Amino acid sequence: MLFILGCCLILTLGYVPDPTPSNTERKIVGTKITITAKEDDEIHRLGSFVEEVTIKKGDTFITLLRRLNINDALLIKFLSTKETHKRLKLKAGNSVRVHITPQGKLNKLLMFSRNGRAMEVVPNDRGFEIRPVLLKRRLLFGSGTIQSSLYKALENNGIADELASEMADILASEIDFNRDIRSGARFSIIYSANFSDNTYISSGRIHALEFTNNGQEYRAYLFEDEDTKRSGYYTENGENIKNAFLRSPLKFSRVTSGFSKRRLHPVLKKWRAHKGIDYGAATGTPIMAVSKGTIRYIGSKGAYGRFIEIRHQNGVSTRYAHLSRYAKKLKKGSKVEQGQIIGYVGKSGMATGPHLHYEFLVNGRQVDPSKAVTPPGPPIRADRKNEFNLKTASAKNLLARLGASPTN
Ligand SMILES: [Zn+2]
């Protein structure tokens, strides 16, 4: 049943389904999250065995091949060349997967390149060659329960943590993932993933998401406007899930000093109002524009150090101070989008350590951003509503089913 739904979904969202898969397999990843993947029939067709080893610190291709019981002098010679070392990276923790014939000959070796691309080493008439892996995109779905934090839940279960980061992004204006997540929070996701010969390589975008936390339920659906090529996440009614302002300019951070009328200034040692919020974060942590706007000021500004001010709509502007550096190509008058990286955390100006000092101004006066009432982002346009309803219908059904099925 799940498989049929998955197939409908692929068709409805406009993806090319895979050529008639024979059956489905419920694959348990870790204990908390289950994903459904199609059975790997390629292996049987090629008549080869698949083995996988994890690269250890200090490994060479020779030690790796020895662990894989491959004794092929030509292959060892090929992998030992300078040219190969330039293209393939033996990074500890990454895995290497090989397809071997029953006679011990290599059909294929899969691993990552220096720049993180999936590469394969395959035999040819002259010996071997390295080429990029052709990836196929598929939709996967799954659900799970969080014990401590979402980040930890995925990490502990060996799931790509970019999925956690993407979930946090999508719900950034609803939930602060550093503070608000309760144990027992549940999620269901439909996401795309990249496969090579039925082998999972990497995750892509989340297409639909349901998140239940502390009794509150959130659902988000990805929709791309074909005219503008811009995509966003929306509720099932077509309202923008994102507020026009993010709750925090940093993705994962902690507030070290809140908005207050009076506090002891750590550098001046005097009582002063703190008309902003300080976020403790390591130097170099990316800072995002909390909303769409125009750069009004970029440059050094006294105690603020390296400083950016952005003008948004409705008399709102935001300020970011003590930066270590700015994002490339940004200048006064540049347009920025919500979530765009504008600079990086530092301790320039008057600061005791690396942190972001963030201010939220309404008509030129600093206010507490957590108390400011900000508008939602633009909804699905009226003339796109039918298309949106059609595209999200099966995702909606699938989320409902995933939400109803018990997880551990
Ligand atoms: Zn501050």
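Predicted model: local features only at pLDDT ≥ 70, side-chain atom pairs only at ≥ 80, totals over all residues.
1. Residues are numbered from 1 along each chain as its sequence is written, and side-chain values use heavy atoms, with hydrogens and water left out.

2. The zinc ion is held by His274 (NE2), Asp278 (OD) and His357 (ND1), at 2.0 to 2.3 Å. Donors here are N, O and S atoms within 2.8 Å of the metal (3.2 Å for Na, K and Ca); water is not among the atoms, so the site may look incomplete.

3. Along the chain, the zinc donors follow the spacing H-x3-D-x78-H. Asp278 in strand β16 (residues 277-280) and His357 in strand β24 (residues 355-362) sit 79 residues apart, so this pair links distant parts of the chain. Strands are DSSP runs of E, at least two residues, and helices are runs of H or I, at least four, numbered from the N terminus.

4. Asp278 and His357 are both buried, meaning under 20% relative accessible area (1.4 Å probe, protein chains only). Across the 408 residues of the protein chain, 46% count as buried.

5. There's also an open three-stranded sheet, order β17-β23-β21, with antiparallel pairing; pairing takes at least two DSSP bridges between two strands. Its edge strands, β17 (286-288) and β21 (325-326), each pair on one side only. β21 joins β23 (residues 341-344) over two bridges, and Tyr326 has Gly343 as its bridge partner in β23.

6. For the overall tally, the protein chain has eight helices and 25 strands.

Definitions and conventions. Buried < 20%, exposed > 50% of the residue type's maximum accessible area, 1.4 Å probe, protein only.
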